[in-house]
Structure formats: structure tokens, C-alpha cells
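Here are a few notes to read alongside the model. Keep the 3D view open as you go through them.

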Amino acid sequence: MFEIATRRRPYVLLAFALLFQILLLAVQIKRPDGARLIRVWAVELLTPPERAGAWILDRLGGAWSGYIGLVRANRENQRLRADLGQMSLRNSELEGRAAEARRLAALLEFRDAHADAPLLAARVIGADAGAGRAVYLDRGQHDGIQANMAVITPQGVVGKVLEVYSTTAQVLLLTDKSSGAGALLAGSRSQGAAKGTGEPLLLLDYVSNDQEVAPGERVLTSGMDRIFPKDLPLGTVVEVRPANPFKQIRVRPAARLDQLEEVFVVLSKKQWDWEAAQAAGGKPEPAPDGDRSRTGALSQQAKTGQSKSAPPAAERPKDQP
Amino acid sequence: MNPAEIAENASAPPLLIRGVVEPRLEVHKFRPGAVVGACFFALVLQAFVPAKVWKGEIVGDLLELPLLVTLYFGLSRRNPARGLLLGMVVGMLQDGLCGASGANPIGLFGIALTLVGYLASTIGARLDVEHPASRVVLAFAFFYFHRLAYVLTNRWLLAQNIPWMNGRLLAASLVTAVLAWPLFALLDKLRQDED
């Protein structure tokens, strides 16, 4: 058997013999640093595969962890997206609340500044479903609201109460075609009538062509309509055109009628008290309740735009319709 | 026994060299213990004679008896496996004896003599090495082959810059080659098939 093996494979035997002796030498030989050659060879022989194995394992581990990381990242991404949606919703809600807080703060400030005025805060709960420009409030007859009471915001006049129900009230906005208010120019104190046109802008009528009116001039309530307290902001002149017999003045409402949320209702009783105070200070006498018709007439006049040649309500006799 | 008779009696198939069938060369057998004894004496002489008998004389450094013994049995037995194993054992023993004086780690001469034994067996299986002149030439050539293997191994593993050749080595190669003639003739007496 040995004969056959050695005859057939002397090269293999030679290789083994040489390898054995080389290893034997490596065991005996020491490097200058004291390490045996066999140890150096073993390290050099085993280090590359170990390094390659470590590299492969690192890559595999990295790929695996990366894959797992991707799955986790996807889940986390979905969760974060959901959180982001909720946060956005929450943010919008908080922004809405902040805006509401700011509006309420402005209302409160306005209310405090007019502590003697009979103001009733109300929330706009709906808008007119028809073509008219009206809104509904969450306050009604039970809260003391009556028809033709003024509705205002800290920015300016909104309109007047048109219809009153038990718990709600309908407010006719200034911009409605049938709406109007006694007005005066803040600079010249010239009086006129602000009328709704069905458009965002009001029309200030009954201002003579002799009167100097410039765009940007403020328009206030004159109080002559006996609905709106005097000197409340009505709007700002945006356009002035000469016309016959009066100027045609377009006014942008001071109150943002398209963004109404909270308003004040000026209770009518206080209105008359306010006018009485005005009368005590040399202002017109407060009118009895029955005189509301005069104001109503003025409003009606403003609403219908009748007799453009007629003088403003304040200049007319009280018995003149 | 002529070559034709040897070829007829051989159990192994004839050797093929470049497609030519050559008559099989004789594979010599030796008396029991002859190989071991010859190698033992060669090692003893190699290790102790230079140190004890020819102490300090150049002739002691020129002896390469283990090389000659390995070469002789490799050429005679013509078996590469046996030749390389014999060379390995003799070389490692020589390393061991030299290692006693701190010269060689075990394996340096072992590798060199392993290669010598293998190559000698391979050559002996293909050439007739019975002629004294060819033996001298082969001994001279194998001295440098042995030296080449030794120096390469030494430089590779031990990083020792030992010389390839110098005058002493040249003298040693000539002494070895000349010594091969009577030594091989003496060893021929140990052949069993010639009794």
C-alpha cells in the first residue's frame, strides 16, 4: 500500500515533507521581536480570512440592519406622518384659538373702553343663505335684543338687527342693498348717508360737490339715524367721483364683514341714553321710542336712496319724512 | 544481469520519457540495516569527527557525508518517496546534531536533503548512475543544489545573509565530489543483490 501510494504520489509526499519541516523550522525560529515564526505565519495566514469574514459580516450586518432600519424608518415615517397630520390639525386648532383669543381680547378691550355702553357680545353662527347680506347671531329676544339695534365690532359698524327671534337674531350687514347708516366725514364733519350696494364697498351719498373729500379719509357714524352711536368707524374713502347733484364716494367698510365671528349688539335703550347724554352736551334730544320711525325713515331713505336732493337726516326737520 | 533481463523481470511498467520506452534500470536493494547504519555512521562522522578529530582543520568543514549518503541511496534505490523520506530524516538528524552547538534549527538541512533525496531518486530512475565519473559529477552538482536549497531556506526563514559561494565552498564541493567516488564504491558493497 505504501509502495503504491509513494509511487503514485511522490510529489504529494515531497510537499508534505517540505511543509512539515518548514513548519518545524517556523516553530523554532524567533523573530527579532521575540515572536515565533509559526505564530507570525499563523497570524498572517488567518488574519486576511478573518478580516474578510469580518468585512462580509459587517456588510451583511450592515445590510440587514439597514433593511431593518428601512422597515423601521418606514414605520416611523408613517407614524411621523400621522403625527404630523395630527399636529397640523392641532396647530390649526391652536391658531384658530389664538386668533379667537386675539379677537376676544380686542372685543374685551373695546368693551372695557366703552364700559358705559350697553354692549352685548354675540357670536356669528350663520350667514344668509340667500342673495342678501345678513348674518345670524347666537343671541335673541331672550338676551334683550330688539330690531334695529346696532351691531358693531371694535373695527367698526357691522349692520343692524333686522329680525329678532327667541335665541337668535338676523343682522343686516351694511353692504346689503337695503342697508344704510348716517355718516360723516371725519375730517370735514360733513354728513351724508352710507348705503349698501350689494358689493363689498359702500356708497356715501349726500355729500356736495363743493366738499373736499380725498381717498383715505375716514368715515364715521353720524348718529343721525338713531341706530348707530355717533363717531363709530364706518369705513374709509377709497374713491371719489364728482356727480350730480352729490359726489359719488365709495367707502370700504371698517369692519371686515366677510370675516365676522364675534360682534357687539348695542342695546337700544342705552342708545337713547347715549343720545340723551349727547343732548345734555348740546347734542340733539334723545328721541322717544316712537321716533325710531324717523331713524327708520332715515335708514329707509338711505336704503332706498330716495330723493338724492334731500338734505341729510341731521339737517332735516324731525317731522320731515 | 543485463538490461534486457532486468526489463523482462521487472514487475513495474517501463518508464516513459517523451514517448520513448526505455529499458528499466536496476533498483538496488541493500542488506538489512545497511541504510540505517550507513546514515548513522555518516552523521556521526559528520558531527564528531570535525569537532574531535580534525579540530580546527579545514578538512572538517569540507565534509558533507550526509549529503553523499542521501545522494547515494537516492540514486541507488530510485524511489522518490523513499529518497525524500530518507533525506528528510538524515537532514533533520544532521540539524539536530548541529543544533547541539547552536548552529541550525531543525529543518534547514532537512529541507535541503529532502530535495536532494527526491531529486536523486528521480534522476536515478532515469539515468544510469553506476559509472564512477557520473557519480563524481552528480556529487559535485548536488553539492550546489544542496547549497542552493540550504541558502534559500536560510535566507527566507532565518533572514540570514549567508553567501551563495566562496572559496571554501568551492573546495568543499570538490572534496565532496572526489570523496563520492570511494564512498559510493564502499556503499556498493552493502547491496544485497550483488551478493
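1. Which residue just after α7(B) takes a positive phi? That's B:Ala159, with a phi of about 55°. Keep in mind that this is a predicted model.

2. Now look at the helix itself. Helix α7 of chain B covers residues 132-158, so 27 residues in total, and at 1.5 Å a residue it should span 39 Å. The C-alpha atoms at its ends are 37 Å apart, which agrees with that expectation.

3. Which residues of α7(B) are buried? Here's the list: B:Arg135, B:Leu138, B:Ala139, B:Phe142, B:Phe143, B:His146, B:Arg147, B:Ala149, B:Tyr150 and B:Thr153.

4. Next, the place where the chains meet. On the chain A side, 13 residues are in contact with 17 residues of chain B. Helix α2 of chain A (residues 10-28) gives the largest share of that chain A side, with ten residues. Sorted by type, the chain A residues touching chain B come out as ten nonpolar, three polar and no charged.

5. Last, chain A as a whole. You'll find five helices and twelve strands in chain A. The chain has 321 residues, and 29% of them are buried. Take the contacts in chain A between residues at least 6 apart in sequence: 57% of these join residues at least 24 apart.

Conventions: Residues are numbered from 1 along each chain as its sequence is written. Chains are lettered from A and ligands numbered from 1 in the order in which they are written. This is a predicted model: local features need pLDDT of at least 70, side-chain atom pairs count only at pLDDT 80 or more; totals for chains, interfaces and linings use all residues. Helices (H or I, at least four residues) and strands (E, at least two) are DSSP runs, numbered from the N terminus. The expected span of a helix is 1.5 Å times one less than its number of residues. A residue is buried if 20 or more other C-beta atoms lie within 10 Å of its own, exposed if 12 or fewer, and partly exposed in between; C-beta atoms are placed from the backbone. Two residues are in contact if their C-beta atoms, placed from the backbone, lie within 7 Å. Ala, Val, Leu, Ile, Met, Phe, Trp, Tyr, Cys and Pro count as nonpolar, Asp, Glu, Lys and Arg as charged, and the others, Gly among them, as polar.
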